[in-house]
Amino acid sequence: MTRRHTLAAVVAVALLGVTAGCTADRDGARVEPPTAAQPSAPPQAAPEESCNARASLRPTGALPAPRKMPAGTHMAEIFKRGRLILGTSQDTLLFSSRNPFTGRIEGFDVDMGRQIAEAIFGDPDKIQIKVIGYDQRVQLAANGTVDLVADTMTVNCERLAEVDFSAVYYEAGQQVLVNKGSTAKGIEDLGGKRVCAVTGSTSLENIAKVGSRPQPVGRAGWADCLVAFQQNEVDAISTDDTILAGLAAQDPYAKVVGPKFTSEPYAMAISKQYPEFTRFVNQVLARNKADGRWKRTYDTWLGDFGTAPAPPRAAYR
Amino acid sequence: MTTLQLDRPGFTRVAQLRHTSPGRLQLMLSALLALGLLTGLLAGVAASSADSGTGDLGGRAQPLLTEAETIYSALADADTTAAQAFLGGGLEPAALTRRYEDDLTRVTTALTSAARRTPAGGESADTVRELATGVTRYAALVAAARANNRQGLPVGSAYLSQASALNREVLQPQADRLLRIAQQEVEDGYSSARSSVWVTFYVLLMAVLFATLLHVQLRLSRTTKRTFNVPLVAATGLLVVLGLISSGVLFAQRAHLDTAEKDGSTPVTLLSKARIFVLRERGDEALALTARGSGGAYEEDFGTVSQRLTGPYGLLEVAAGSIGDDSAEEHVRDAMVAHGRYLNLHRKVRELDDSGQHDAAVKLAVGAEASNAFQGINDGIGAAMDDRMALFTREVGAAGRGLGALTVLGPLLALMICALSWLGLRARLEEYR
């Protein structure tokens with residue numbers, strides 16, 4: 001889980017604002033006037049500060065009806081195969097986790113994939129879920145092993161060099177989960193305490209960067225952090241608010257505190273071989289954000305944490 | 001220097017004995033008495049060493065090996081069963097819960113009796129202690145997984161995977177170490193049961209005693225008018241009897257030990273290896289399904305393991321070939337047929353999972369057909385192992401027969417040989433008084 005600091009986004013926005021001379025919207029994305037079909041020029045493998053990570057490929061034309069995918073596109077191929085292959089994890093409650101009652105993997109991320117399957121087949125169940133490791137997400141999307149990765153995956157320029165991303169579908173940020181009785185009001189109050197995050201994630205690096213010097217503790221997965229928390233091996237867990245919400249939902253003695261101290265825009269990763277598929281996904285996302293489907297999905301999975309915010313605005317390049 | 005000077009008069013006196021007739025008789029008598037006593041001592045030592053070695057092999061080493069195998073296979077089965085119980089979703093099926101609990105009971109029972117059979121302070125005792133502690137932690141983690149699952153909390157899976165990691169990465173290697181120690185102890189048990197060094201000395205001494213007895217009698221019949229010295233003839237006869245009894249008992253022991261090793265221990269070791277491999281296949285299958293598409297390593301391991309199990313040089317075929325008994329071999333053949341059925345089903349499970357039909361794959365993998373095939377393999381191997389263990393116990397029991405008696409009888413007969421030698425030579429010595 002590579003996470004990028006807000007700073008990176010701010011710098012990116014500033015640079016783009018200067019070089020392109022375009023207006024930047026609230027999300028810091030360059031907003032272009034709609035144009036006709038763009039050639040699918042490969043995005044440049046630029047250093048992270050000099051790219052606009054949030055800007056995706058612009059949808060073209062009208063959304064094709066289900067089961068009527070244009071010939072020669074990747075969607076037509078998926079239709080021929082009979083199922084959409086989604087890469088995700090199974091340990092992030094509310095986003096993608098195994099339902100203990102049914103044994104199925106479900107959540108906000110899985111529903112994002114199911115909505116794409118519905119747009120292709122007219123049936124959200126025509127989907128195969130592949131559980132992939134956090135460190136395999138970019139690679140398996142890039143080589144087309146999976147059609148789509150929706151897995152609390154933050155867009156950043158480093159990843160953009162290898163895969164395409166859809167428009168942003170969720171805005172997350174790093175917070176802290178502590179015991180109900182704790183007086184801590186944020187990560188700053190946890191100096192010297194053991195704070196858990198997944199090994200190899202930048203959540204773990206971010207913990208070490210905090211001024212009050214909490215002690216980072218690495219575990220294999222988020223649920224493993226919760227196990228460590230429940231067995232008093234760590235004092236707190238710190239990662240994206242979304243993941244923490246899922247952990248807190250499983251432990252009535254835990255609470256999430258503090259402001260978001262990083263910004264993590266989530267988007268779906270897709271192979272660069274299929275720009276038409278990225279455009280198609282963006283079109284479906286745009287429709288769902290507009291017609292209330294996005295809000296319904298939010299209410300289903302995250303409704304317990306308050307009313308749905310406005311969906312993240314799409315930005316295109 | 002002083003000792004040599006002190007010894008010299010004694011040595012000279014003994015040397016001088018050779019020059020007189022009564023002196024020579026005295027020398028012969030002491031040689032016979034010394035050899036007789038030594039033979040008696042060695043008869044006792046060789047027989048009791050073989051006896052205790054055989055007893056240790058049958059009563060401690062081999063049972064320890066069986067228990068180590070039980071611990072290993074029950075741990076592997078518990079891991080597989082727990083993974084399968086969670087695979088389907090919902091509450092764990094009662095049959096699988098029961099099977100898991102049976103496995104844990106088998107592990108703890110075997111650990112208790114293994115603790116009795118390991119010498120305190122040894123590596124095996126340490127391993128048993130570590131296993132006992134680890135199994136308690138493992139059971140607690142699985143219990144937490146079940147409690148969370150009962151509440152519908154996905155964190156249950158994390159508890160289960162922690163338990164599984166503990167089982168696969170810590171407990172099973174420990175059980176494997178115990179198994180290796182036990183295997184070594186069985187091998188050592190065979191050689192200490194054979195007590196080859198003592199038995200060789202014993203046989204050599206008997207030969208020397210026999211030769212000396214004959215030599216003394218030849219000399220006596222040459223120097224006196226009597227052709228036969230009756231007590232010495234009787235002593236020779238007794239020695240022949242002792243030799244016949246000893247070789248009868250010891251040859252029988254070795255023959256039974258050879259059978260126990262060839263038809264008992266060897267097939268049991270092969271079968272237990274096969275059983276552990278079969279369990280690993282089943283575990284790999286369940287874990288590959290749990291991993292949902294990223295279980296490549298498990299599938300690879302499945303392939304490696306099943307390759308070692310099947311084929312003309314596979315473990316099952318070799319185990320079947322190592323059994324010299326038709327009905328026991330039949331059990332292994334049954335297991336091989338069941339294994340073939342299981343492999344076919346596994347192929348179908350993988351086809352389903354790879355084509356995106358995960359639910360159907362899980363259903364087939366934990367379904368009755370696959371469970372029956374798997375049970376068939378286990379039953380076949382288990383029946384063959386029971387049969388071979390029974391043969392081992394029988395043979396080792398037979399190997400120990402007569403050794404206890406020889407421990408007493410050997411020294412007793414040797415003492416009688418000494419007494420007869422003394423009787424035979426005293427009569428001659430008295431002629432010089």
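**Sheets of chain A**

Guide: Strand β4 (residues 96–98) of chain A is joined to β5(A) by two bridges, in the antiparallel sense. Strands here are DSSP runs of E with at least two residues, helices are runs of H or I with at least four, and both are numbered from the N terminus; two strands pair if DSSP finds at least two bridges between them. The model is a predicted one, in which local features need pLDDT of at least 70 and side-chain atom pairs count only at pLDDT 80 or more, while totals for chains, interfaces and linings use all residues. Residues are numbered from 1 along each chain as its sequence is written, and chains are lettered from A and ligands numbered from 1 in the order in which they are written.

A second open sheet of chain A has five strands in the order β12-β11-β13-β10-β14, with mixed pairing. β12 (215–219) and β14 (254–257) of chain A are at its edges with a single partner strand each, so one side of each has no neighbour in the sheet. On average, neighbouring strands of this sheet are turned by 35° against each other, direction ignored; axes are lines fitted to C-alpha atoms, for helices over the stretch in contact, and angles run from 0 to 180 degrees between N-to-C directions.

Strand β11(A) has two partners to describe. With β12(A) it pairs in the parallel sense over five bridges, and A197(A) stands opposite G218(A) there. With β13 (residues 236–240) of chain A, β11 (residues 194–198) of chain A also runs parallel, joined by two bridges. On that side V195(A) faces A236(A) and C196(A) faces I237(A).

Helix α7 (residues 222–230) of chain A lies across β11, β12 and β13 of chain A and runs at about 160° to β11(A). β11(A) is largely enclosed by the rest of the structure, because four of its five residues are buried; buried means that 20 or more other C-beta atoms lie within 10 Å of the residue's own, exposed means 12 or fewer, partly exposed is in between, and C-beta atoms are placed from the backbone.

The domain assignment of chain A gives domain 1 (4–170 + 266–316) and domain 2 (174–257), with bounds from an automatic or database domain assignment. Between them, 11 residues of domain 1 of chain A are in contact with 13 residues of domain 2 of chain A; contact means C-beta atoms, placed from the backbone, within 7 Å.

As for chain B, its secondary structure comes to 13 helices and zero strands. Buried residues make up 45% of its 433 residues. The C-alpha atoms of chain B fill a box of roughly 110 × 50 × 35 Å along the principal axes.

Notes
Contact = placed C-beta atoms within 7 Å.
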